[in-house]
Amino acid sequence: MARPGALWRNRERETEAGASQPRRQPLPGRPAADRSRQSRPIALDRLIHEQMRLGILSALAVNESLSFNDLKKLLDTTDGNLSVHARKLEEAQYVTCTKFFAGRFPKTEYRLAPAGRKALESYLDQMEALIRATRER
């Protein structure tokens, strides 16, 4: 029996030499894949797809603004976790962050930016399309 690496190298040589690769045939008893029904894959926004960031954007979508402490309680997370994810959304210009003092206490307030609303709506449309495609099968 040949080593797996040796088989791989032989295939590379055949391809480099111009030998054609055999076409894949469907297994006996199985129909060939219907390519006409397949659409291009759905590419989700990976920045939004992370659970905590999706939670932040969703909470801000239904509230005009939320303080850091309100978001922390709502999402049941730690200060560090929330600040890291909120900063990533802020860098992408999906949320705006305003820092100010209320009396002697520092306050941080987050709002959903127009780019964030657009990105969230696009993400939700993609998820709905994915759900429809999955249910159709």
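His85 counts as buried, at 10% relative accessibility, where buried means under 20% relative accessible area, exposed over 50% and partly exposed in between, with a 1.4 Å probe and protein chains only. The place of this residue is in helix α5. Leaving out residues up to four places away in sequence, His85 touches Glu50, Met52, Arg53 and Ile56, a contact being heavy atoms within 4.5 Å.

The model is predicted: local features need pLDDT of at least 70, side-chain atom pairs count only at pLDDT 80 or more, and totals for chains, interfaces and linings use all residues. Residues are numbered from 1 along each chain as its sequence is written, and side-chain values use heavy atoms, with hydrogens and water left out. The average pLDDT of the protein is 81, and 69% of the residues score at least 70; pLDDT is the predictor's confidence in each residue, from 0 to 100. Over residues 3–16 pLDDT stays under 50, and for this stretch the model has 5 contacts beyond four places in sequence. Where pLDDT is low, the predicted coordinates should not be read in detail.

The protein contains 6 helices and 3 strands. Helices (H or I, at least four residues) and strands (E, at least two) are DSSP runs, numbered from the N terminus. Along the sequence these elements follow the pattern α-α-α-β-α-α-β-β-α. Of the 137 residues, 20% count as buried. The protein exposes about 11,200 Å², of which carbon and sulfur atoms supply 51%; accessible areas come from the Shrake-Rupley method with a 1.4 Å probe, and for residues only the protein chains shown count as cover. Among contacts with a separation of 6 or more, 54% are accounted for by residues 24 or more positions apart.

Two helix pairs that involve α5 are described next. Helix α3 (residues 51–62) and helix α5 (residues 79–91) pack at an angle of about 70°, and their axes are 10 Å apart. Axes are lines fitted to C-alpha atoms, for helices over the stretch in contact, and angles run from 0 to 180 degrees between N-to-C directions. The angle makes α3 roughly perpendicular to α5, a term for angles of 65 to 115 degrees, whereas under 35 counts as roughly parallel, over 145 as roughly antiparallel and the rest as oblique. On the α3 side, Met52, Arg53, Ile56 and Leu57 meet Asn81, Leu82, His85, Ala86, Lys88 and Leu89 of α5. The residues of this contact divide into 6 nonpolar, 2 polar and 2 charged. Here Ala, Val, Leu, Ile, Met, Phe, Trp, Tyr, Cys and Pro count as nonpolar, Asp, Glu, Lys and Arg as charged, and the others, Gly among them, as polar.

Helix α4 (residues 68–75) also packs with α5, at an angle of about 110° and with the axes 10 Å apart. This makes α4 roughly perpendicular to α5. Phe68, Leu71, Lys72 and Leu75 of α4 make the contact with Asp79, Leu82 and Ser83 of α5. These residues divide into 4 nonpolar, 1 polar and 2 charged.

Asp76 is found in the loop between α4 and α5; its phi is near 50°, a positive value in a residue other than glycine. At 72% relative accessibility, Asp76 counts as exposed. Gln93 is found in the loop between α5 and β2 (95–102), and its phi, near 65°, is likewise positive in a residue other than glycine. Gln93 counts as exposed, at 57% relative accessibility.

In strand β3 (residues 105–112) lies Thr108, which counts as buried at 17% relative accessibility. Apart from neighbours within four places in sequence, Thr108 is in contact with Leu66, Ser67, Phe68, Cys97, Thr98 and Lys99. Ser65 lies in the loop between α3 and β1 (66–67) and is partly exposed, with a relative accessible area of 23%. Not counting residues up to four places away in sequence, Ser65 touches Glu109, Tyr110 and Arg111. Ser65 and Cys97 are 32 residues apart in sequence, and their C-alpha atoms are 9.7 Å apart in space.

Gln126 is found in helix α6 (residues 114–136). At 23% relative accessibility, Gln126 counts as partly exposed. Gln126 and Ala43 are 83 residues apart in sequence and 7.8 Å apart in space, C-alpha to C-alpha.
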